[in-house]
Amino acid sequence: MIEDIELETLINDIYEYYGFDFGSYSKASLKRRVNRVYQLGEFENFYEFLSKVRSDSDYYRSMIDEITVNVTEMFRDPSFYAVVRKEILPILATKPFIRLWHAGCSTGEEVYSMAIILKEAGLLHKSLLYATDVNATVIESAKKGIFPLRMMKEYSENYRDAGGQEDFSSYYIANYGIAKFNAELASKMVFSQHNLVSDNSFNEFDMILCRNVLIYFDTDLQKRVINLFDESLSILGFLALGTKETIKYSISQTKYKQLGQEKIWRKVK
């Protein structure tokens, strides 16, 4: 197990050698994930591990892949998607063009979920879904739209619970244990690497989704990211966070109005 002071040394060295800043990540969560990588590597001591990170850029990249959290599923929290379908899409439908940003998109399951409900609402043709993540490996995976076939039963149930009426299997081709989702969905997506810690706003959006990412950041970084989203969100646009996340302590409450029980806020001014 690594000590707190060793974790700080690792954070400083990663920033110095590679320019990646873990300084504002939640220390408890980060330490837990770094310890897992450290134990898997079977290092003699911390300094052997640190030397490997400093000198071997391939190992560094694989470590980043391990410690940046990538847990997601299609139609995660179906009640959230039911609210998007019933309450938000009819409002977005009035716009000539719809821009959405999935920040921290991981392997892309939630981006494809949104594309499906946009298609069913007749809005996909005039939408563009920007999907970003700090982890380049998961971005490459997300672009392919390929997910394990064994997950489709659960995803199909989530889809139905979220108000889906179609045959879910019509959205993908099954082959050799994988499900490849239709190219029509991916044609409306733009995937790119973006770091919420250090990168700036890059467009104005009608809806921003960043679900279950902020829980890994400390309070100051959460505030910075919420302000980044505020800068990037059009007036009357929507901001969606994860079930354990809030904008409550980050920004003036008079600027946003929460929609019911879901963690969705509308920017009112």
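**Notes on the predicted model**

1. Let's start inside: Tyr155 is buried, at 2% relative accessibility. This is a predicted model, and in it Tyr155 sits in helix 8. Beyond its sequence neighbours up to four places away, Tyr155 touches Thr72, Glu73, Met74, Phe75, Glu109 and Phe168. One of these, Met74, is 81 residues from Tyr155 in sequence, yet the C-alpha atoms of the two are 5.5 Å apart in space.

2. Lys153 is exposed at 59% relative accessible area, while Glu157, at 32%, is partly exposed.

3. Next, have a look at Tyr171, in the loop that runs between helix 8 (152–161) and strand 4 (172–175). Is Tyr171 buried or exposed? Its relative accessibility is 4%, so Tyr171 counts as buried, the limit being under 20%. Setting aside neighbours within four places in sequence, its contacts are Ile116, Lys119, Glu120, Tyr159, Glu166, Lys180, Phe181, Asn182 and Leu185. Lys223, by contrast, is 52 residues away in sequence and 38 Å away in space, C-alpha to C-alpha.

4. The aromatic residues deserve a point of their own. The structure holds 30 aromatic pairs. One of them joins Phe46 and Tyr47 edge-to-face, with 5.2 Å between the centres and 80 degrees between the planes. Phe46 is buried, at 3% relative accessibility, whereas Tyr47 is exposed, at 55%. Elsewhere, ring pairs link a cluster that includes Phe75, Tyr159, Phe168, Tyr171 and Phe181.

5. Which residues have the most contacts inside the largest nonpolar core? They are Phe22, Phe49, Met63, Trp101, Leu196 and Phe229, in a core of 47 residues. Apart from this core lies another, of 45 residues, with Leu124, Leu129, Met152 and Met189 among them. Trp101 touches residues including Tyr130, His194, Leu196, Phe202, Phe205 and Phe229, leaving out those up to four places away in sequence.

6. On to charges, where the count comes to 15 salt bridges. Asp206 and Lys95 form one of them through their side chains, at 3.3 Å, N to O. Because Asp206 lies in strand 7 (residues 205–210) and Lys95 in the loop between helix 5 and strand 1 (98–103), the pair ties together parts that are 111 residues apart in sequence. Asp206 is buried, with 9% relative accessible area, and Lys95 is partly exposed at 26%.

7. A further salt bridge brings together the side chains of Asp230 and Lys255, at 2.7 Å, N to O. This pair links distant parts of the chain, with Asp230 in helix 10 (residues 219–232) and Lys255 in the loop between strand 8 and strand 9 (256–258), 25 residues apart. Asp230 counts as buried at 10% relative accessibility; Lys255, at 23%, is partly exposed.

8. Salt bridges also link Arg76, Asp77, Glu110 and Arg211 in a network. Arg76 is placed in the loop between helix 4 (57–67) and helix 5 (78–92), and at 18% relative accessibility Arg76 counts as buried.

9. Ile235 belongs to strand 8 (residues 233–241) and is partly exposed, at 47% relative accessible area.

Notes:
Residues numbered from 1 in each chain as written. Predicted model: local features only at pLDDT ≥ 70, side-chain atom pairs only at ≥ 80, totals over all residues. Heavy atoms only, no water. Helix = DSSP H or I, 4+ residues; strand = E, 2+ residues; numbered from the N terminus. Buried < 20%, exposed > 50% of the residue type's maximum accessible area, 1.4 Å probe, protein only. Contact = heavy atoms within 4.5 Å. Core = buried A, V, L, I, M, F, W, Y, C linked by side-chain atoms within 4.5 Å. Phe/Tyr/Trp six-rings, centres within 6.5 Å; stacked < 30°, edge-to-face > 60°. Salt bridge = Lys/Arg side-chain N within 4 Å of Asp/Glu carboxyl O.
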